[in-house]
Amino acid sequence: MNIAIVGASGAVGQELLNVLSQRSFPVDNLRLFGSPRSAGQTYNFCGKDVAVELLSPDSDFSGVDIAFVSAGASVSKQYAEVITRHGTLMIDNSKAFRMDADVPLVVPEVNPEDAFIAPRNIIANPNCTTIQMVVALNAIEQLSHIKRVHVATYQAASGAGAQAMKELETQYRQVLSGEEPTVSKFAYQLAFNLIPQIDVFTDNDYTLEEMKMHNETRKIMHSDISVSATCVRVPSLRAHSEVIWLETEQPLSVEVAREAFSHARGCVLMDGNAPEQQNSDNSSYPYPMPLFLSGKDEVFIGRVRQDITDPCGLSFWCVSDQIRKGAALNAVQIAELLLP
(Lines give C-alpha, C1' and ligand atoms only; values in the text may rest on other atoms or scores of the structure.)
Protein backbone atom coordinates (compact mmCIF):
# COMPACT_ATOMS: atom_id res chain seq x y z
CA MET A 1 0.00 0.00 0.00
CA ASN A 2 1.03 3.60 -0.50
CA ILE A 3 1.18 5.30 2.89
CA ALA A 4 1.66 8.89 4.03
CA ILE A 5 2.39 10.28 7.48
CA VAL A 6 1.51 13.91 8.13
CA GLY A 7 3.36 15.22 11.16
CA ALA A 8 6.19 12.76 10.71
CA SER A 9 8.66 14.61 12.96
CA GLY A 10 6.44 14.63 16.05
CA ALA A 11 6.36 12.03 18.82
CA VAL A 12 3.37 10.21 17.33
CA GLY A 13 4.73 10.47 13.79
CA GLN A 14 7.98 8.86 14.88
CA GLU A 15 6.06 6.14 16.72
CA LEU A 16 3.99 5.51 13.59
CA LEU A 17 7.21 4.74 11.71
CA ASN A 18 8.19 2.29 14.46
CA VAL A 19 4.81 0.57 14.60
CA LEU A 20 4.47 0.22 10.82
CA SER A 21 7.89 -1.41 10.69
CA GLN A 22 7.46 -3.62 13.75
CA ARG A 23 4.08 -4.94 12.59
CA SER A 24 5.32 -5.51 9.01
CA PHE A 25 2.53 -3.37 7.62
CA PRO A 26 2.53 -3.76 3.82
CA VAL A 27 4.09 -0.43 2.79
CA ASP A 28 5.07 -0.29 -0.88
CA ASN A 29 5.75 3.43 -0.87
CA LEU A 30 6.03 5.85 2.06
CA ARG A 31 5.73 9.62 1.95
CA LEU A 32 6.31 11.92 4.90
CA PHE A 33 4.87 15.42 5.27
CA GLY A 34 5.57 18.17 7.76
CA SER A 35 5.86 21.85 8.53
CA PRO A 36 8.51 24.18 7.12
CA ARG A 37 10.57 23.44 10.23
CA SER A 38 10.70 19.70 9.55
CA ALA A 39 10.59 19.71 5.74
CA GLY A 40 13.80 18.29 4.31
CA GLN A 41 14.62 16.16 7.35
CA THR A 42 15.27 12.51 6.54
CA TYR A 43 14.07 9.45 8.43
CA ASN A 44 15.00 5.85 7.85
CA PHE A 45 12.19 3.38 7.28
CA CYS A 46 12.98 -0.28 6.67
CA GLY A 47 16.46 0.56 5.43
CA LYS A 48 15.44 3.40 3.14
CA ASP A 49 15.88 7.12 3.84
CA VAL A 50 12.69 9.12 3.30
CA ALA A 51 12.72 12.92 3.18
CA VAL A 52 9.92 14.98 4.73
CA GLU A 53 7.92 16.92 2.16
CA LEU A 54 6.46 20.33 2.95
CA LEU A 55 2.71 20.07 3.56
CA SER A 56 0.94 22.76 1.54
CA PRO A 57 -2.38 23.34 -0.22
CA ASP A 58 -0.65 22.11 -3.38
CA SER A 59 0.46 18.79 -1.88
CA ASP A 60 -0.63 15.91 -4.09
CA PHE A 61 -1.97 12.85 -2.26
CA SER A 62 -3.18 11.09 -5.40
CA GLY A 63 -2.12 7.47 -5.27
CA VAL A 64 -1.84 7.48 -1.48
CA ASP A 65 -4.08 4.78 0.01
CA ILE A 66 -3.91 5.80 3.68
CA ALA A 67 -2.64 8.97 5.33
CA PHE A 68 -1.94 8.91 9.05
CA VAL A 69 -2.36 12.49 10.23
CA SER A 70 -0.91 13.63 13.55
CA ALA A 71 -0.17 17.32 13.28
CA GLY A 72 -2.89 18.88 15.44
CA ALA A 73 -6.54 19.77 14.93
CA SER A 74 -5.94 22.99 13.03
CA VAL A 75 -3.77 21.21 10.44
CA SER A 76 -6.26 18.37 10.13
CA LYS A 77 -9.13 20.77 9.47
CA GLN A 78 -7.11 22.87 7.04
CA TYR A 79 -5.81 19.97 4.98
CA ALA A 80 -8.55 17.32 5.18
CA GLU A 81 -9.85 18.20 1.73
CA VAL A 82 -6.33 18.26 0.27
CA ILE A 83 -5.61 14.83 1.72
CA THR A 84 -8.89 13.08 0.85
CA ARG A 85 -9.84 14.69 -2.49
CA HIS A 86 -8.37 11.83 -4.56
CA GLY A 87 -9.80 9.05 -2.40
CA THR A 88 -7.07 8.79 0.23
CA LEU A 89 -8.34 7.50 3.57
CA MET A 90 -7.34 9.88 6.36
CA ILE A 91 -6.83 8.35 9.80
CA ASP A 92 -6.72 11.41 11.98
CA ASN A 93 -5.19 11.55 15.45
CA SER A 94 -6.51 14.98 16.42
CA LYS A 95 -9.76 16.10 18.02
CA ALA A 96 -10.86 17.81 14.79
CA PHE A 97 -13.49 15.30 13.63
CA ARG A 98 -14.04 12.92 16.54
CA MET A 99 -17.57 13.94 17.34
CA ASP A 100 -18.74 14.52 13.74
CA ALA A 101 -21.67 12.22 13.04
CA ASP A 102 -20.31 11.18 9.65
CA VAL A 103 -16.80 10.36 10.91
CA PRO A 104 -16.33 7.01 12.68
CA LEU A 105 -14.41 7.04 15.97
CA VAL A 106 -12.72 3.67 16.22
CA VAL A 107 -10.94 1.46 18.74
CA PRO A 108 -10.46 -1.88 16.93
CA GLU A 109 -10.91 -3.99 20.07
CA VAL A 110 -14.29 -2.34 20.71
CA ASN A 111 -16.05 -1.16 17.53
CA PRO A 112 -14.12 -2.43 14.47
CA GLU A 113 -17.23 -2.49 12.30
CA ASP A 114 -17.49 1.31 12.43
CA ALA A 115 -14.28 1.64 10.41
CA PHE A 116 -16.05 0.40 7.29
CA ILE A 117 -18.48 3.33 7.15
CA ALA A 118 -16.44 6.47 6.46
CA PRO A 119 -18.33 8.58 3.91
CA ARG A 120 -15.86 11.47 4.14
CA ASN A 121 -12.82 9.19 3.85
CA ILE A 122 -11.92 10.19 7.41
CA ILE A 123 -11.62 7.91 10.43
CA ALA A 124 -10.89 9.52 13.79
CA ASN A 125 -8.50 8.12 16.37
CA PRO A 126 -9.96 8.74 19.85
CA ASN A 127 -8.24 10.59 22.65
CA CYS A 128 -5.49 8.54 24.30
CA THR A 129 -7.16 8.40 27.71
CA THR A 130 -10.42 7.26 26.14
CA ILE A 131 -8.75 4.51 24.11
CA GLN A 132 -7.17 2.72 27.05
CA MET A 133 -10.31 3.07 29.15
CA VAL A 134 -12.74 1.66 26.58
CA VAL A 135 -10.46 -1.31 25.82
CA ALA A 136 -10.76 -2.21 29.51
CA LEU A 137 -14.44 -1.31 29.85
CA ASN A 138 -15.38 -3.43 26.87
CA ALA A 139 -14.34 -6.57 28.74
CA ILE A 140 -16.89 -5.81 31.47
CA GLU A 141 -19.57 -4.54 29.09
CA GLN A 142 -19.72 -8.03 27.58
CA LEU A 143 -20.81 -9.34 30.99
CA SER A 144 -23.22 -6.65 32.13
CA HIS A 145 -24.09 -3.20 30.79
CA ILE A 146 -22.04 -0.44 32.42
CA LYS A 147 -24.27 2.37 33.64
CA ARG A 148 -21.67 4.86 34.84
CA VAL A 149 -17.95 5.40 35.27
CA HIS A 150 -15.87 7.66 37.45
CA VAL A 151 -12.28 7.93 36.30
CA ALA A 152 -9.20 9.81 37.47
CA THR A 153 -6.31 9.95 35.03
CA TYR A 154 -2.61 10.33 35.77
CA GLN A 155 -1.23 11.55 32.45
CA ALA A 156 2.46 11.57 31.60
CA ALA A 157 4.33 14.54 30.18
CA SER A 158 4.59 12.89 26.77
CA GLY A 159 0.84 13.37 26.34
CA ALA A 160 1.73 16.98 25.57
CA GLY A 161 4.39 16.00 23.02
CA ALA A 162 8.10 15.39 22.70
CA GLN A 163 8.99 18.94 23.76
CA ALA A 164 6.97 18.47 26.95
CA MET A 165 9.06 15.41 27.83
CA LYS A 166 12.22 17.44 27.33
CA GLU A 167 10.83 20.24 29.48
CA LEU A 168 10.10 17.87 32.36
CA GLU A 169 13.61 16.41 32.20
CA THR A 170 15.05 19.93 32.11
CA GLN A 171 12.93 21.03 35.06
CA TYR A 172 14.15 18.13 37.21
CA ARG A 173 17.77 19.03 36.45
CA GLN A 174 17.15 22.71 37.10
CA VAL A 175 15.33 22.20 40.39
CA LEU A 176 17.96 19.76 41.69
CA SER A 177 20.65 22.29 40.73
CA GLY A 178 18.90 25.11 42.57
CA GLU A 179 17.93 26.90 39.35
CA GLU A 180 14.61 28.47 38.42
CA PRO A 181 12.77 25.87 36.31
CA THR A 182 11.82 26.63 32.72
CA VAL A 183 8.03 26.61 32.24
CA SER A 184 6.79 26.70 28.67
CA LYS A 185 4.77 23.65 27.59
CA PHE A 186 2.83 23.46 30.85
CA ALA A 187 0.96 26.16 32.75
CA TYR A 188 3.01 25.44 35.86
CA GLN A 189 6.16 23.61 36.89
CA LEU A 190 5.48 19.88 36.47
CA ALA A 191 8.62 18.48 38.10
CA PHE A 192 7.83 17.45 41.71
CA ASN A 193 4.25 18.58 41.10
CA LEU A 194 0.80 17.55 39.85
CA ILE A 195 -1.38 19.76 37.65
CA PRO A 196 -5.13 18.98 37.90
CA GLN A 197 -5.96 20.54 34.54
CA ILE A 198 -5.46 19.19 31.03
CA ASP A 199 -6.84 21.38 28.22
CA VAL A 200 -9.18 24.33 28.78
CA PHE A 201 -12.13 24.52 31.15
CA THR A 202 -15.62 24.28 29.68
CA ASP A 203 -18.85 25.90 30.89
CA ASN A 204 -19.60 23.04 33.31
CA ASP A 205 -16.16 23.34 35.01
CA TYR A 206 -14.92 20.09 33.46
CA THR A 207 -11.93 20.48 31.18
CA LEU A 208 -12.16 19.66 27.50
CA GLU A 209 -10.00 16.58 28.12
CA GLU A 210 -12.48 15.36 30.70
CA MET A 211 -15.46 15.96 28.43
CA LYS A 212 -13.71 14.05 25.64
CA MET A 213 -13.74 10.97 27.84
CA HIS A 214 -17.48 11.31 28.43
CA ASN A 215 -18.51 12.03 24.85
CA GLU A 216 -16.06 9.77 23.01
CA THR A 217 -16.79 6.75 25.21
CA ARG A 218 -20.50 6.98 24.44
CA LYS A 219 -19.85 7.21 20.70
CA ILE A 220 -17.32 4.35 20.59
CA MET A 221 -19.36 1.99 22.74
CA HIS A 222 -22.71 3.00 21.23
CA SER A 223 -23.91 3.31 24.79
CA ASP A 224 -25.74 5.59 27.19
CA ILE A 225 -22.87 5.14 29.65
CA SER A 226 -22.14 8.20 31.81
CA VAL A 227 -18.49 9.10 32.40
CA SER A 228 -17.25 11.62 34.94
CA ALA A 229 -13.50 12.25 34.66
CA THR A 230 -10.81 14.20 36.46
CA CYS A 231 -7.63 14.48 34.38
CA VAL A 232 -4.30 15.20 36.03
CA ARG A 233 -0.86 15.79 34.53
CA VAL A 234 1.81 13.95 36.52
CA PRO A 235 5.62 14.18 36.40
CA SER A 236 6.29 10.87 34.69
CA LEU A 237 7.65 10.73 31.16
CA ARG A 238 5.53 8.20 29.29
CA ALA A 239 2.44 5.97 29.65
CA HIS A 240 -0.83 7.15 31.16
CA SER A 241 -2.47 5.62 34.23
CA GLU A 242 -6.13 5.63 35.23
CA VAL A 243 -8.13 4.56 38.24
CA ILE A 244 -11.63 3.57 37.21
CA TRP A 245 -14.78 3.01 39.23
CA LEU A 246 -17.71 1.53 37.32
CA GLU A 247 -21.29 0.52 38.07
CA THR A 248 -22.92 -2.31 36.13
CA GLU A 249 -26.59 -3.22 35.86
CA GLN A 250 -25.94 -6.60 37.44
CA PRO A 251 -23.44 -7.33 40.23
CA LEU A 252 -20.22 -9.02 39.09
CA SER A 253 -17.69 -10.77 41.28
CA VAL A 254 -14.05 -9.78 41.28
CA GLU A 255 -13.18 -13.27 40.07
CA VAL A 256 -15.47 -12.94 37.05
CA ALA A 257 -14.05 -9.49 36.25
CA ARG A 258 -10.46 -10.74 36.48
CA GLU A 259 -11.30 -13.64 34.20
CA ALA A 260 -12.82 -11.24 31.66
CA PHE A 261 -9.80 -8.94 31.73
CA SER A 262 -7.38 -11.86 31.39
CA HIS A 263 -9.03 -13.00 28.14
CA ALA A 264 -10.01 -9.64 26.63
CA ARG A 265 -8.30 -8.60 23.43
CA GLY A 266 -5.74 -5.89 24.06
CA CYS A 267 -5.75 -6.37 27.85
CA VAL A 268 -3.16 -7.89 30.18
CA LEU A 269 -4.20 -8.68 33.75
CA MET A 270 -1.41 -7.81 36.20
CA ASP A 271 -3.08 -8.16 39.55
CA GLY A 272 -1.06 -8.83 42.69
CA ASN A 273 -4.09 -10.42 44.31
CA ALA A 274 -4.41 -12.91 41.45
CA PRO A 275 -1.90 -15.80 41.45
CA GLU A 276 1.10 -15.91 39.12
CA GLN A 277 0.41 -12.73 37.17
CA GLN A 278 3.43 -11.62 35.16
CA ASN A 279 4.16 -8.94 32.62
CA SER A 280 5.28 -9.66 29.06
CA ASP A 281 8.96 -9.61 30.11
CA ASN A 282 8.22 -12.43 32.60
CA SER A 283 9.11 -10.11 35.47
CA SER A 284 6.56 -10.22 38.28
CA TYR A 285 4.92 -6.98 39.39
CA PRO A 286 1.96 -6.78 41.73
CA TYR A 287 0.25 -4.12 39.59
CA PRO A 288 0.87 -2.03 36.46
CA MET A 289 3.29 0.90 36.65
CA PRO A 290 4.10 3.32 33.82
CA LEU A 291 7.86 3.14 34.38
CA PHE A 292 7.91 -0.52 33.43
CA LEU A 293 5.22 -0.54 30.74
CA SER A 294 6.29 2.28 28.42
CA GLY A 295 6.73 0.94 24.91
CA LYS A 296 4.20 -1.87 25.38
CA ASP A 297 1.15 -2.34 23.17
CA GLU A 298 -1.46 -3.52 25.63
CA VAL A 299 -3.67 -2.02 28.32
CA PHE A 300 -2.44 -3.42 31.64
CA ILE A 301 -5.00 -3.87 34.40
CA GLY A 302 -4.56 -4.42 38.13
CA ARG A 303 -5.94 -3.61 41.60
CA VAL A 304 -9.27 -5.17 40.57
CA ARG A 305 -11.62 -5.03 43.54
CA GLN A 306 -15.21 -4.76 44.63
CA ASP A 307 -16.40 -1.24 45.33
CA ILE A 308 -17.32 -1.44 49.01
CA THR A 309 -19.88 1.38 48.56
CA ASP A 310 -21.85 -0.26 45.73
CA PRO A 311 -22.84 -3.93 45.25
CA CYS A 312 -22.82 -3.38 41.48
CA GLY A 313 -19.51 -1.51 41.58
CA LEU A 314 -16.00 -2.52 40.57
CA SER A 315 -12.77 -0.58 40.73
CA PHE A 316 -9.47 -1.13 38.94
CA TRP A 317 -6.23 0.54 37.87
CA CYS A 318 -4.94 0.52 34.30
CA VAL A 319 -1.78 1.69 32.53
CA SER A 320 -1.08 2.03 28.81
CA ASP A 321 1.52 3.73 26.65
CA GLN A 322 -0.45 6.63 25.21
CA ILE A 323 1.97 7.22 22.33
CA ARG A 324 1.57 3.60 21.18
CA LYS A 325 -1.91 2.28 22.00
CA GLY A 326 -3.20 5.77 22.70
CA ALA A 327 -2.17 7.06 19.27
CA ALA A 328 0.14 5.37 16.75
CA LEU A 329 -0.71 1.72 17.37
CA ASN A 330 -4.47 2.31 17.43
CA ALA A 331 -4.22 4.16 14.10
CA VAL A 332 -2.26 1.32 12.49
CA GLN A 333 -4.69 -1.24 13.89
CA ILE A 334 -7.51 0.69 12.21
CA ALA A 335 -5.61 0.50 8.92
CA GLU A 336 -5.05 -3.22 9.43
CA LEU A 337 -8.81 -3.72 9.64
CA LEU A 338 -9.12 -2.35 6.12
CA LEU A 339 -6.37 -4.37 4.47
CA PRO A 340 -7.65 -6.39 1.51
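Helices and strands in this tour are DSSP runs, a helix having at least four residues and a strand at least two, and both are numbered from the N terminus. The model is predicted.

**Stop 1: the whole chain**

Begin with the entire protein chain displayed. The chain holds 8 helices and 13 strands. Its radius of gyration is 20 Å, close to the 20 Å that the globule rule gives for 340 residues, so the chain is as compact as a globular protein of that length. Along the principal axes, the C-alpha atoms occupy a box of roughly 60 × 55 × 45 Å.

Colouring by accessibility shows the next property: buried residues account for 54% of the 340 residues. Of the contacts between residues at least 6 apart in sequence, 66% join residues at least 24 apart.

**Stop 2: the loop between helix 4 and helix 5**

Select Phe192, which is located in the loop between helix 4 and helix 5. Is Phe192 buried or exposed? Phe192 is exposed, with a relative accessible area of 52%, the cut-off for this class being over 50%. Apart from neighbours within four places in sequence, Phe192 makes contact with Tyr172, Val175, Leu176 and Pro235. Display Val234 as well: Phe192 and Val234 are separated by 42 residues in sequence, and their C-alpha atoms are 8.7 Å apart in space.

Asp199 lies in the loop between helix 4 and helix 5 too. Its phi is near 75°, a positive value in a residue other than glycine. Most residues other than glycine have a negative phi. With 28% relative accessibility, Asp199 counts as partly exposed.

**Stop 3: helix 4 and Glu167**

Move to helix 4, residues 162-176, and select Glu167 within it. At 1.5 Å a residue, the 15 residues of this helix should span 21 Å, and the C-alpha atoms at its ends are 22 Å apart, which agrees. Which residues of helix 4 are buried? They are Ala164, Met165, Glu167, Leu168, Gln171 and Gln174.

Although buried, Glu167 has no salt bridge, and the nearest side chain of opposite charge, that of Lys185, is 7.3 Å away. Not counting residues up to four places away in sequence, Glu167 touches Thr182, Val183, Ser184, Lys185 and Phe186. Just after helix 4, select Gly178, where phi is positive at about 80°.

**Stop 4: salt bridges**

Side chains of opposite charge can pair when their charged atoms come close. In the whole structure, a search finds 16 salt bridges.

Select Arg324 and Glu15, which form a salt bridge whose closest N and O atoms are 2.7 Å apart. This pair links distant parts of the chain, since Arg324 is in helix 8 (residues 324-337) and Glu15 is in helix 1 (residues 11-22), 309 residues apart. Arg324 is buried, at a relative accessible area of 6%, and Glu15 is buried as well, at 8%.

Next, select Glu209 and Lys212, whose salt bridge has its closest N and O atoms 3.5 Å apart. How far apart are Glu209 and Lys212 in helix 5? Being 3 residues apart in that helix (residues 208-221), they are separated by about one helical turn. Both Glu209 and Lys212 are buried.

Then display Arg258 and Asp271, whose side chains meet in a salt bridge of 3.2 Å, N to O. Arg258 lies in helix 6 (residues 254-263) and Asp271 in the loop between strand 11 (267-269) and helix 7 (290-293), so the pair ties together parts that are 13 residues apart in sequence. Arg258 counts as buried at 15% relative accessibility, and Asp271 is buried with a relative accessible area of 1%. To see a network, select Glu15, Arg238, Asp297, Asp321 and Arg324 together: salt bridges that share partners join these residues into one network.

**Stop 5: Ser24**

Finish at Ser24, in the loop between helix 1 and strand 2 (29-34). The phi of Ser24 is near 50°, a positive value in a residue other than glycine. At 60% relative accessibility, Ser24 counts as exposed.

Note on methods. Residues are numbered from 1 along each chain as its sequence is written. This is a predicted model: local features need pLDDT of at least 70, side-chain atom pairs count only at pLDDT 80 or more; totals for chains, interfaces and linings use all residues. Side-chain values use heavy atoms; hydrogens and water are left out. Buried means under 20% relative accessible area, exposed over 50%, partly exposed in between (1.4 Å probe, protein chains only). Lys and Arg count as positive and Asp and Glu as negative; His and the chain ends are not counted. A salt bridge is a side-chain nitrogen of Lys or Arg within 4 Å of a carboxyl oxygen of Asp or Glu. Contact means heavy atoms within 4.5 Å. The expected span of a helix is 1.5 Å times one less than its number of residues. The radius of gyration is taken over C-alpha atoms; the globule rule is 2.2 Å times the number of residues to the power 0.38.
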